[in-house]
Amino acid sequence: MQDSTASPPVPPCRKVAILFAGGPAPAANAVISTAAASFLKHGIPVVGILHGYSRLVNYKPEEGLVEGRHYIMLDQQRLKRTRNTQGILIGTARTNPGSEIWHPAHLRDPERTAKLRTIYEALRSLEVDALISIGGDDTLTTANKFQRFQHYLPEGSPRIRVVHVPKTIDNDYEGIDFTFGYFTAADTLATEIRNLLADAEASSMYFLAETMGRRAGWLAYGAAIAGEASLVLGPEDVYGQYADFEPAIDPITQQPYERRIMNVDAVVRRIVATMRAREEREGKHFGVIVMAEGLADFLPAAYLQGIPRDEHGHIAFSQVNLGRKFAAWVAEEYKRQTQRQRKVVGLQLGYETRCARPHAFDVMLGSQLGVGAYRVLVEAKEDGVMISVRGQLELHWVPFDQLIDQETLRARVRYIDLKSDFHKLARFLETDVDG
């Protein structure tokens, strides 16, 4: 076996595969289309893997992969005028072939890496020698595992180089300022919030809108700022008086740890304080409160009984109904404090953002990242890097090692810095609350 620290020779780029995994994001097709067009322009065939890893993990050598069912060939005709289109040309799925690997030592275990080997064999059956992975932090984690797994292949085995394009409307990625689709999603949600505000004012009521944002509050904050919401809360805000701890078991590693949880009563009182301040100081008896869905991860375990988890260990936020739960709690607390009724309606926003028509900036950003996939593989001859941009869409690459926790093999999440001007902007625009 090769040593994991060895630097194998860089294979030529003769045939490339593009794979998209995880939730959709606006401008997905800008990435796919420009990446594929860049390779085709230089005579390199491009395979579009259908629906993430879901078809590859079931690969059987005796059956092979079938064009149209497992993959499609991305040619110029298929790519015609697709850069600005909605949806995902090659589909997506959340299948996680690295689910059994959460420590570097596991990469040496044939049983734990069986799915990664199947992925490798499936791609090699198509004579692919480079993989462009497009997805969120979980997909980045898988890309890193797949790239590292190949270090332990028998001497002389063909290598499939791996590069990753960061994708998430949550914008919680280390190594890049903004992810493609974020601004389109934030603007789509902002429009919804403004509509709710008009309804709330007409009816003298409140809406409590739960938005997407699994681990960080970027999307909730962006939508709230642009939509003129009355208050926004994200996972980063669970600290100080709003936080507590309880013993828990990690769903992936099954190891015990102290889990930070939300002080639900304190958060409810904070929301009611905003409502009362708006009434007493500004004469406003209406508003929209925005909460990131990731706050559900901080609910005490008793509130999450029976909620299923996906292959990455994430709870099904859509089944928690965070917005409706808090709407009921807030209405009750408001009545307790004021002896008056105030209608509070909870609702979930988010799915309508994921395939919205992309804005110009997201198309430009996605296009540059797609072109970057070609440049990093063919011109820079890199392997194991994430494609990124900075400034005026200037390309650069970030090694997986800088983005992945080397002990857990999980991608690091970028949270909103509570001392940042971005966080201060949201708080500045809200009604001041004493205490």
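Four strands build an open, parallel sheet in the order 7-10-6-11. Strands here are DSSP runs of E of at least two residues, helices are runs of H or I of at least four, and both are numbered from the N terminus. Two strands pair if DSSP finds at least two bridges between them. At the edges stand strand 7 (231-233) and strand 11 (344-348), each pairing on one side only. From one strand to the next, the twist averages 15°. Angles run from 0 to 180 degrees between N-to-C directions, with axes fitted to C-alpha atoms, for helices over the stretch in contact.

The model is predicted: local features need pLDDT of at least 70, side-chain atom pairs count only at pLDDT 80 or more, and totals for chains, interfaces and linings use all residues. Residues are numbered from 1 along each chain as its sequence is written, and side-chain values use heavy atoms, with hydrogens and water left out.

**The parallel sheet and its helices**

Strand 6 (residues 206-211) runs parallel to strand 11, joined by five bridges. Ala209 has Leu347 of strand 11 as its bridge partner.

| Helix | Strands touched | Angle to strand 7 |
|---|---|---|
| Helix 6 (residues 218-227) | strand 6, strand 7, strand 10 (287-292) | about 175° |
| Helix 7 (residues 264-282) | strand 6, strand 7, strand 10, strand 11 | about 165° |

Another open sheet has seven strands in the order 3-2-1-4-5-12-13, with mixed pairing. Strand 3 (71-73) and strand 13 (394-399) are at its edges; each has a single partner strand, so one side of each lacks a neighbour in the sheet. Neighbouring strands are turned by 25° against each other on average, direction ignored.

Strand 12 (residues 385-390) pairs with strand 13 in the antiparallel sense, over six bridges. Val385 stands opposite Pro399 in strand 13. Helix 1 (residues 28-41) packs on this sheet and touches strand 1 (16-20), strand 2 (46-49), strand 4 (130-135) and strand 5 (161-166). The direction of helix 1 makes about 180° with that of strand 1. Helix 9 (residues 360-379) lies across strand 4, strand 5, strand 12 and strand 13. Helix 9 runs at about 135° to strand 12.

**Two nonpolar cores**

In soluble globular proteins, nonpolar side chains tend to be buried together. A nonpolar core is a set of buried Ala, Val, Leu, Ile, Met, Phe, Trp, Tyr and Cys residues joined through side-chain atoms within 4.5 Å. Buried means under 20% relative accessible area, with a 1.4 Å probe and protein chains only; exposed means over 50%, and partly exposed lies in between.

The largest core holds 105 residues. Ile18, Leu123, Ile132, Phe146 and Phe180 touch the most other members. Helix 5 (residues 182-203) gives the largest share of this core, eight residues. Leaving out residues up to four places away in sequence, Phe146 touches Leu116, Ile119, Tyr120, Leu123, Leu131, Ile160 and Val162. Another core, of 32 residues, lies apart from the largest one. Tyr242, Ala266, Phe298 and Val320 are among its members.

**The whole chain**

The protein has ten helices and 13 strands. Of its 435 residues, 57% count as buried. Among contacts with a separation of 6 or more, 76% join residues 24 or more positions apart. The C-alpha atoms fill a box of roughly 75 × 50 × 40 Å, taken along the principal axes.

Conventions: Contact means heavy atoms within 4.5 Å.
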